[in-house]
Amino acid sequence: MLNIAVLGGDGTGPEVVEQGLRVLEKVAGLEGFEYKTTDFDFGGERYLKTGEVLPDGAVDELRKFDAIYLGAVGHPDVAPGILEKGLLLELRFQLELYINLRPVVLYPGVDCPLKDKGPEDIDFTIVRENTEDLYVGSGGFAHKGTKNEVATQLMVSTYAGIERCLRYAFELTKKRNRKKQLTLVAKTNVLTYAHDLWWRIFNEMAKEYPDITIDYNHVDACCMWMVKNPEFYDVIVTTNMFGDIITDLGAMIQGGMGIAAGGNINPETLGMYEPIGGSAPKYTGQGVINPLAAIAALAMLLENSGQEKAGKRVEDAVRKVAGTLDSLSAGKMGCSTSDVGDRVIAEL
Ligand code: IPM
Ligand code: MN
């Protein structure tokens, strides 16, 4: 029995998750596995009503599930940072979801903004460290509000944190079994302490994987290569902050936020899977948002929660349906949110 916590969240989150759950029902029937979903109303609306982002005990309750399926967080009436930090980052940290896995795949028939690049050129995966770096929220202000103000924000890297992330990346590169190439993306020429530690652990661990070719890019150069020669990449491993940035670039070269999915994973316990496009408040309730990213996130959830075959099946259906839409962007698909769900179900 696969036990899934569903956090529809804000804006268009619940709409896209609804389509994902229809797909789940269908694929569970086809593959013959049982599942149970439990809804949680965490997000902007609840916060505005109760002043509470995550109630006491919520994290421990979520911990008991096999996976979390998340729609989106972000509400126009809530100040920036409150929901992002109080919900998304809080769950990443408290549940130690130390891997942020973001595949970058261009499906056939999908428009790519890169000239002369096709599906055979864009198929790689980014492993973003998800619990350290600038995201730990260590720092503060001194002399706030004066012209002497000082603000600090510490970049935190630990041996254990880097090691577990790199271990996952090496194992994933082995499992993918493609070019067997792992690229570390960092900035060792400037961040000569934090990224030197990444560099040393990376090279040390590589000795255990003689079949894997290791490679290194500075993050600025990586942005250039992702646009110029994306076919070069197989697996990229990178820090939290750089991963945040380059995965948005990755989403664009695979056709946009309408298709981009991610998993926040603790390989030993559970994962939280989400479309990475955000809550898109202006499209809420109109039935025009693309649910493929949420359905692709469901595919990742299944693949990483013991239902690999069902996950692959959903991913294949997403691959086929993506090319049938006029565009992947909200309002331009040529059909409605639920039509896209119908097409995926028909394809299954
Ligand atoms: C993401 C988002 C989050 C992040 C925000 C909402 C805190 O941009 O998942 O990439 O920066 O990690
Ligand atoms: Mn981001």
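**Close-up 1. What lines the largest pocket, by class.** In this predicted model, the lining of the largest pocket has twelve nonpolar residues, eleven charged ones and three polar ones. That makes a lining of 26 residues, and P103, T125, R176, E303 and E315 are the ones that lie nearest the pocket's centre. The space inside comes to about 760 Å³.

**Close-up 2. Where the pocket lining comes from.** Two strands, β4 (99-105) and β5 (123-129), each supply at least two residues of the lining of the largest pocket. Zoom out to the domains, and you'll find at least three lining residues from domain 1 (1-97 + 257-348) and at least three from domain 2 (112-254).

**Close-up 3. The shell around ligand 1.** Seen here are E84, L88, R92, R102, R128, Y135 and D244, the residues around ligand 1. Sort them by class and you get five charged, two nonpolar and no polar residues. Helix α4 (residues 82-94) gives the most to this shell, with three residues. Ligand 1 lies between domain 1 (1-97 + 257-348) and domain 2 (112-254), because both of them give residues to its shell.

**Close-up 4. Polar side-chain atoms facing oxygens of ligand 1.** Start with Y135, which has a polar side-chain atom 2.6 Å from an oxygen atom of ligand 1. For R102, the distance from a polar side-chain atom to an oxygen of the ligand is 2.8 Å. D244 also puts a polar side-chain atom by a ligand oxygen, here at 2.9 Å. As for cover, ligand 1 on its own has 320 Å² of accessible area, and the protein covers 74% of that.

**Close-up 5. N177, a loop residue with a positive phi.** Most residues other than glycine have a negative phi. N177 isn't a glycine, yet its phi is positive, near 55°. Look for N177 in the loop between α5 and β8 (181-186).

**Close-up 6. A280, another loop residue to check.** Here the backbone again takes a positive phi without a glycine: A280 comes in at about 40°. To find A280, go to the loop between β12 (271-275) and α9.

Key. Residues numbered from 1 in each chain as written. Chains lettered and ligands numbered in written order. Predicted model: local features only at pLDDT ≥ 70, side-chain atom pairs only at ≥ 80, totals over all residues. Heavy atoms only, no water. Near = heavy atom within 4 Å. Polar contact = N/O pair within 3.5 Å; in protein donor to acceptor, adjacent residues only side chain to side chain. Areas by Shrake-Rupley, 256 points an atom, 1.4 Å probe, with all protein chains shown as cover. Helix = DSSP H or I, 4+ residues; strand = E, 2+ residues; numbered from the N terminus. Nonpolar A, V, L, I, M, F, W, Y, C, P; charged D, E, K, R; others polar. Domains from an automatic or database assignment. 1 Å grid on protein atoms, 1.4 Å probe; cavity = no way out; pocket = protein on both sides within 12 Å on 5 of 7 lines; lining within 4 Å. Points joined across faces, edges and corners; volume = space filled by probe spheres on them.
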